[in-house]
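Dear colleague,

Please read them with the coordinates open.

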Amino acid sequence: MPPITLSIAICTHDRGAALVRCLGALGTPRPDIEIIVVDSGSSPAEAEAIARTAPRHGAQHIRLTATGVSAARNAALAAATGGWIAYLDDDAIPAPDWLAVLLDTIAHNPALAATGGLILPRFQSSLPSWWPQSLRAVLTIIDDVRSAADTEPYAANIAFHRETLAAFGGFPACLGRRGTCLLSNEETYVIRRLRRAGLLVQFTPELVVHHDIAGDRLCPDWLLRRQYWSGVSEAVMLRALGERCLPKALRMAVRAASLAPLRFWPAGSTRHIGRRCAAAFAFGFMRGTLVEDVGRMTLI
């Protein structure tokens with residue numbers, strides 16, 4: 001039997017139907033590639049469906065009792081045996097040539113530590129006209145790459161040299177989604193540490209997945225929550241990286257003070273949405289700068 005070249009990890013929570021589509025897009029299992037499905041605290045009915053689905057597609061199944069995407073990704077890392085480990089979100093559907101492009105990229109770049117690619121949206125409902133274009137990325141979209149050298153991949157479509165990722169400790173427990181907590185930046189933390197160490201991280205535009213975007217996210221209150229948690233995530237990540245947060249926190253405090261009245265605007269309104277998002281981010285950043293236990297934070 002050939003050695004395992006690549007491990008593909010799909011971390012899932014309460015989205016058994018989406019998992020079926022993701023696994024189906026990967027095609028027939030190959031002996032040199034292993035697929036690992038990590039169920040992160042799904043409800044009993046979904047957990048049972050996921051447990052049935054994984055082996056039907058030749059995938060190893062791991063069940064975690066608690067939610068948490070960083071913990072799920074680290075569980076996959078611990079179980080993987082491939083030289084490389086790729087991560088796909090359960091609601092991401094790899095393009096037909098995704099696997100071929102990834103294997104070719106790895107083969108032709110022996111110094112590579114990590115790579116990622118485009119994440120093209122598949123909206124269940126049309127993106128509203130009021131949605132700020134500058135905030136499309138918060139929906140986990142990368143569809144307009146101006147400079148591949150500067151683009152930081154997202155974990156919906158990312159791959160790492162496995163031993164390198166393990167040597168850097170995997171994904172940080174202080175970041176990443178946990179249930180309804182919209183923390184993020186866990187992959188950004190890893191990418192920045194790799195680049196700080198002088199390791200090669202390459203964005204590969206030909207490496208494409210299509211991302212299903214649920215219609216219930218396309219509303220003002222979700223976007224405001226997302227921007228609040230983006231601010232928290234940015235501050236927590238900078239602290240974890242050992243960077244100084246105070247100068248930025250002072251700028252955010254000034255912004256938050258100037259935009260404070262907008263915090264009392266009806267959450268479901270689309271008026272002043274850009275400025276309200278800026279206020280939410282600023283308040284979140286200040287909160288993330290000050291709080292010691294992110295896991296105990298409550299939603300706005």
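This is a predicted model: local features need pLDDT of at least 70, side-chain atom pairs count only at pLDDT 80 or more; totals for chains, interfaces and linings use all residues.

Residues are numbered from 1 along each chain as its sequence is written, and side-chain values use heavy atoms, with hydrogens and water left out.

Searching the whole structure gives 13 salt bridges, a salt bridge being a side-chain nitrogen of Lys or Arg within 4 Å of a carboxyl oxygen of Asp or Glu. In one of them, Arg63 and Asp39 meet through their side chains at 2.9 Å, N to O. Because Arg63 belongs to strand E3 (residues 59–64) and Asp39 to strand E2 (residues 33–40), this pair ties together parts that are 24 residues apart in sequence; strands here are DSSP runs of at least two residues, numbered from the N terminus. Asp39 is buried at 0% relative accessibility, while Arg63, at 38%, is partly exposed (buried means under 20% relative accessible area, exposed over 50%, partly exposed in between, with a 1.4 Å probe and protein chains only).

Asp212 and Arg122 also form a salt bridge, again given as 2.9 Å from N to O, and the pair links distant parts of the chain, with Asp212 in strand E8 (residues 200–213) and Arg122 in strand E6 (residues 112–123), 90 residues apart. Asp212 is buried at 10%, and Arg122 is partly exposed at 37%.

Lastly, Arg15, Asp90 and Asp91 are joined in a network of salt bridges.

Best regards

Notes: Helices (H or I, at least four residues) and strands (E, at least two) are DSSP runs, numbered from the N terminus.
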